[in-house]
Amino acid sequence: MSKVYAYLADGLEEVECLAVVDVLRRGGVSCETVAIAKNPLVTGAHGIMIAADRIGGEVPEDATMLFLPGGMPGTNNLFADKEFMGRFKEAAKRGVGIAAICAAPMIPGQLGLLNKKKATCYPGFEDKLVGAILTDEDVVVDGNVITGRGMGVAVDMGLAMLEVLTDKATARKVKNSIMHPDREN
């Protein structure tokens with residue numbers, strides 16, 4: 001069974017985080033939120049409080065995928081935690097999938113994890129995606145790396161992750177159940 005960990009830091013983009021977590025959970029994927037600080041309450045960029053499922057920057061051995069929501073200064077706050085960054089990079093090198101949206105793709109980019117991978121990000125962060133093959137697509141899946149442009153495509157990001165972690169039928173079922181504009185009638 002797939003296990004996703006979503007890492008949260010103060011200043012994250014709330015909708016990017018919660019939309020993805022919601023879609024994954026609707027699709028039956030275990031997804032836990034993790035506050036990298038010692039406080040489980042994370043304050044988003046727009047003042048919305050999120051209570052994380054757990055605290056600390058550990059990467060559990062059962063992780064299938066690690067998800068980084070974007071937003072500022074949340075992305076910078078994640079990147080500033082060097083211990084977590086070391087664990088994140090090590091997990092990715094072991095083959096754990098990584099997903100990042102908005103500004104957050106700069107993290108795997110700066111860690112050298114996007115080399116020769118197609119990727120996208122929020123406009124203005126392209127130079128931080130070191131080694132990536134840049135695209136302006138809303139959501140990009142390239143092997144075990146999934147990137148998205150921003151809040152407006154957060155549901156699509158979650159659906160892409162769900163399809164990778166389960167199958168097309170599960171993603172389509174969730175897409176239809178939430179009345180996604182591109183649903184199949």
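Leaving aside residues up to four places away in sequence, Ala154 touches Val15, Glu16, Ala19, Val20 and Ile101. In this predicted model, Ala154 is placed in helix H5, which covers residues 154–165. Val15 and Ala154 stand 139 residues apart along the chain, yet their C-alpha atoms are separated by 7.2 Å.

**Burial of Ala154**
- Ala154 has a relative accessibility of 1%, and it therefore counts as buried, the cut-off for that class being under 20% relative accessible area.

**The sheet**
- Seen in order, E5-E2-E1-E6-E7-E11-E10 make up an open sheet of 7 strands, in which the pairing is mixed.
- Strand E5 (54–55) and strand E10 (139–142) each have a single partner strand and stand at the edges, so one side of each is left without a neighbour in the sheet.
- Strand E6, residues 65–68, and strand E7, residues 97–101, run parallel and are joined by 4 bridges, and Leu68 stands opposite Ala100 in E7.
- In general, the strands of a sheet pair through backbone hydrogen bonds, in either a parallel or an antiparallel manner.

**Helices lying across the strands**
- Helix H1, residues 14–26, lies across strand E1 (3–8), strand E2 (30–35), E6 and E7, and it runs at about 155° to E2.
- Helix H5, the helix that holds Ala154, lies across E1, E6, E7, E10 and strand E11 (145–148), and it runs at about 165° to E11.
- E1, E6 and E7 are among the strands that H1 lies across, and they are also among those that H5 lies across.

Technical notes:
Residues numbered from 1 in each chain as written. Predicted model: local features only at pLDDT ≥ 70, side-chain atom pairs only at ≥ 80, totals over all residues. Heavy atoms only, no water. Helix = DSSP H or I, 4+ residues; strand = E, 2+ residues; numbered from the N terminus. Buried < 20%, exposed > 50% of the residue type's maximum accessible area, 1.4 Å probe, protein only. Contact = heavy atoms within 4.5 Å. Pairing = 2+ DSSP bridges. Axes fitted to C-alpha atoms, helices over the stretch in contact; angles between N-to-C directions.
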